[in-house]
Amino acid sequence: QRMQWLFLLTVVWIGLHVVSSEKKESRPYVHFEGWRGIQHSFAVHTTNLVEQFLARMNAGKDWRDISFTDLPFYNKDWKDTAEIHPPYMFDLSEKPKIPTGNKKNKRKDVVIRIGFPFDLRPDPDADLTVVFTAIEAGVVTKAHIGPGVHIRDIQDPDPRVAMITCSEWSKVGWTRAGFPEERIHVIPHGYNKTAFYFKDMKEYQRTLRKKLKIPPEAYVFFHNSAMVGYKNLEYVLRAFQHVHRRNYPDPEVYLLLKGNG
């Protein structure tokens, strides 16, 4: 959660530094663009971020207004679904209770865009557009770049565009491609502790082990990611093979893999 607040404060800091000092209202109007309601890390990140922004706005802090626009899903086969999490976690299918669409006749101070491919075009009605990116393989390709921007254009991006990325590794990928280093802000992902630590956790663990036929005394490793090459699942399997050979049969060890790709 600390990292999420760092993200919030950094975005606001960036926004306030590009908003005209002549404006009487110092609290910015923030507009989000992103995914919601699907089992994808970008959607989870967007939903939690919007909820935190909204909570602070309702408390009279930091910004005066928020709005949201849903971006098209990257894969046309992805469906908005309500059954993507156990009941103790966030219901990500529930749209944040904020006005959708742009505020009419109202200029946005900051647009925060979280989607794929990465749309690096500035919002014409905003002082600043902040684009969240993640380059897992450390290399920027044409597939990463959204419409209206050629890959060679990222060496001279519009001055109204800044970038947030989640790791130094991802930042290096963008700087190799020519994106100005001073316009890239590295902010690691945060997490909400209540989604992973809850009062009935032990009972949930016992129920889950019974369902998966895993003995209560077994040691369980869990790997959660898309089953794609850059997630290095091969190394996870090799490491587990080593652990299994060293420990079996006491204690029993299990590896749970979750994801698709």
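Student: At 74% relative accessibility, is K213 buried or exposed?

Tutor: Residues are numbered from 1 along each chain as its sequence is written; side-chain values use heavy atoms, without hydrogens and water. Buried means under 20% relative accessible area, exposed over 50%, and partly exposed in between, with a 1.4 Å probe and protein chains only. Because its relative accessibility is 74%, K213 counts as exposed.

Student: What is the phi of K213?

Tutor: Most residues other than glycine have a negative phi. K213 sits in the loop between α4 (201–212) and β7 (219–224); helices (H or I, at least four residues) and strands (E, at least two) are DSSP runs, numbered from the N terminus. K213 is not a glycine, yet its phi is positive, about 60 degrees.

Student: N232 also has a positive phi. What is its relative accessible area?

Tutor: N232 lies in the loop between β7 and α5 (233–247). Its phi is near 60 degrees. N232 is partly exposed, and its relative accessible area is 41%.

Student: Which residues does the cis peptide bond join?

Tutor: Most peptide bonds are trans. Here, omega is about 0 degrees. The proline of the pair is in the loop between β3 and β4. The bond joins F116 and P117.

Student: Which element has the lowest mean pLDDT?

Tutor: Mean pLDDT for the chain is 78, and 74% of its residues reach 70 or more. β4 has the highest mean among the elements, 94. The lowest, 52, belongs to helix α1 (residues 2–18).

Student: How many contacts beyond four places in sequence does the model have for residues 18–24?

Tutor: Contact means heavy atoms within 4.5 Å. Over residues 18–24, pLDDT stays under 50. Where pLDDT is low, the predicted coordinates should not be read in detail. For this stretch, 18–24, the number of such contacts is six.

Terms used:
This is a predicted model: local features need pLDDT of at least 70, side-chain atom pairs count only at pLDDT 80 or more; totals for chains, interfaces and linings use all residues. pLDDT is the predictor's confidence in each residue, from 0 to 100.
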